Amino acid sequence: MERLSLCLRNLGRHAWRTRIILLIALLGAFLTFTFENLVEDISRKQSDMFGRAFSGHFLVVEKDIETKNSFGFYFYKPEQMLNPEEVSAVRMFLAGLPEVSGTQERIVFTGLYYGKKDAEHGFRGVAMDMKDFNRNFTDMYYATGSPLGGGEQGAAAPSWYEYSRDKNLDIGASYVFLLPNREGEFVDRSILAKGGIDYRSMPKEAIGLSSIFFDLAGFRAMVGYEEPLASEVVGFLADARTSAHVLPRIQSWLDAHEPRLKVVSWREYAPIFAEIVLGFDVAMKTVETILLAICVLLVVKLTTFSLIERYSEIGTMRALGFSRSDITLQFTLEGFLAIAAGAVAGFLLAAGAIGVLHATGIQNSTTFWSYMIGNGFRPSFHSGKIIVVVGIFLAVAVLAPLFPAIRGGRLSILRTLEKR
Amino acid sequence: MAAVRNGITLTGLCKEYRLGKTTVRALRNIDLEIKSGSFTCVAGPSGSGKTTLLNMIGLIDAPTSGTVHVAGEDIQGLPEKLRTRYRSRTLGFIFQSFNLLPVLDVFENVHLPLILHRELSPSAKRERVLEIVEAVGLGEHIRHKPFELSGGQRQRVAIARALVTHPLIVLADEPTANLDSETGAEVLALMEGINRDRGTTFIFSSHDPRVMERAARVIRLHDGGIEAA
């Protein structure tokens, strides 16, 4: 307490210096705390959004199917379909992984339809369980019309691109579709374009997927599947960034079992999305690092100034019996207190700012931010990030003043007493 | 020279400084005994080696050769930790320029060396400080900062700070040099009284004949050597 009191007196004595350290620490803590928590949210939202909107965070498919860089438009032969036992085994294994939040089986195929004026159009078909296809589960939703029901036949939900931009399909009208059956032969069916699917969080100008969605059970019944085969099992992760360590575990399990399956990350067909998140994170971290470096340099500089100014005081204290480590502790504690006080104020301000953003949300309509964080973005606190940021500032608060403080402790008593 | 019990013994003490290519001999083969409880003045003109001698006894400087024994122990040979302890437990320092910490008031300045005395309770420390501040006649100024005090009052604070740890030896480097003659005399009288009442050894330096007159013993230095002791 006595030392603490002495430190506080000294901080008060060098008020302008203390204020500079306080302000820098405050700014650094505020921005680092805010950035880290915002980037965490953006990162989660991005990985979740893109992972779910396209084809899940990962796919389990037959090993020989070429998927790389094909953006999900891969081709399979009928014999490459997974049978119900294989699908069930994979889904059971995935259900046991804590990082995996859900799985779906799908049939992905390439088909044709005859739109207005009988023009022929190719499309990517996705047959999936429409019961799970709701706003809670995915960022996609039905823009107009009514959702497909479970087991519904003769109806499809085209993507926004199909029904709105190119206007090849009208909601409520029926068109002739050519769909592949179990043998890979195309069968023609008259299908109602029942509801359009939009990508809520993405700029429609940028994402032009000509996909058409079908209910899985309805599709199977429509084209005559006698057994419920699937072309892929789609997996979702609670946090898509865990894929780096989860996917190898899945692959090693697949390697140990028949048939020959492989797991494919969504990042493989959409590396640009992962790069955007990474780029954003790197940019924020660069700003944080620069701020921290400025903070450290300023504290080192100002503590050194203080040291030079207080040579005589150091000499007096040493003559009175204070050891080298006492002097080091004294100057370190002073620097620590100034940084810690500034950092605490910065954390509190940042917490207030995030709290307000969480309560009110960020509404935006510009394409870039809509693309990055979606509309109605509500950032929140992440305990992992809070621990990291507090840890960094504790380290800075101890280490930044330590170097000049050690120098102060090593000064010769005689030389310090001679300085006036 | 054999070390005296409870006193200070300097044997063959030399100190040389290098100033560029020149070697300055600040102390030349000093042999000296100072008895415990004495009131000793180290006198001599500027540059005679007074401060260097006090710095040797105070472990602020190290000799080029020779030894300093205090109560029979070679203090210059002590490891750093024990040197620090020696300064905090055995010695008290009074500086010519007072060297008070400007952010601290009288109470806190006097209390400063007691931070290192963890064996004392806060109330015991407080009692000690109040007692010594009263003894130097600054009871009414206890919450004043150094800049609010006169030169004489500041030196009294420095004396109180030097005495608060109950040291065996007080080293005072020209304690009256920055004071007018009347205030200087008051400060000396105060030191004398403490020496008489508590038996604390006082070794102070001065080149002022009026100060030397007050000392029980005067050691005269000239060009780093003892002229008369």
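What is the handedness of the crossing of α5(B) and α6(B), left-handed or right-handed? The crossing of these two helices is right-handed, and the legends below treat it together with other close-up views of this predicted model.

**Figure 1. Packing of helices α5 and α6 in chain B.** Helix α5 of chain B spans residues 151-163, and helix α6 of chain B spans residues 181-198. Their axes lie 9 Å apart and form an angle of about 20°. Because angles under 35 degrees count as roughly parallel, α5(B) and α6(B) are roughly parallel to each other. The right-handed crossing of α5(B) and α6(B) brings together residues from both helices. On α5(B), the contact is made by B:G151, B:G152, B:Q155, B:R156, B:I159 and B:L163. On α6(B), the contributors are B:T183, B:E186, B:V187, B:L190, B:M191 and B:I194.

**Figure 2. Contact of chain B with chain A.** Chain A supplies 17 residues to the contact, and chain B likewise supplies 17 residues. On the side of chain B that touches chain A, the largest share comes from helix α2 (residues 80-89) of chain B, which provides three residues. That side of chain B consists, by class, of ten nonpolar, five polar and two charged residues.

**Figure 3. Positive phi values at B:F98 and B:N99.** Most residues other than glycine have a negative phi. B:F98, which is not a glycine, has a positive phi near 70°. B:F98 is placed in the loop between β6 (91-94) and α3 (106-111) of chain B. With 22 other C-beta atoms within 10 Å, B:F98 is buried, because the threshold for this class is 20 or more. B:N99 is likewise found in the loop between β6 and α3 of chain B. Its phi is also positive, at about 50°, although B:N99 is not a glycine. B:N99 counts as buried because it has 21 C-beta neighbours inside 10 Å.

**Figure 4. The cis peptide bond between A:E258 and A:P259.** Most peptide bonds are trans. The bond that joins A:E258 and A:P259 is cis, with omega at about -5°. A:P259 is situated in a loop of chain A that runs between α6 (243-255) and β11 (261-265).

Terms used: Residues numbered from 1 in each chain as written. Chains lettered and ligands numbered in written order. Predicted model: local features only at pLDDT ≥ 70, side-chain atom pairs only at ≥ 80, totals over all residues. Helix = DSSP H or I, 4+ residues; strand = E, 2+ residues; numbered from the N terminus. Buried ≥ 20, exposed ≤ 12 C-beta atoms within 10 Å, placed from the backbone. Contact = placed C-beta atoms within 7 Å. Nonpolar A, V, L, I, M, F, W, Y, C, P; charged D, E, K, R; others polar. Axes fitted to C-alpha atoms, helices over the stretch in contact; angles between N-to-C directions. Parallel < 35°, antiparallel > 145°, perpendicular 65-115°, else oblique. Left-handed = near helix turned anticlockwise from the far one by under 90°.
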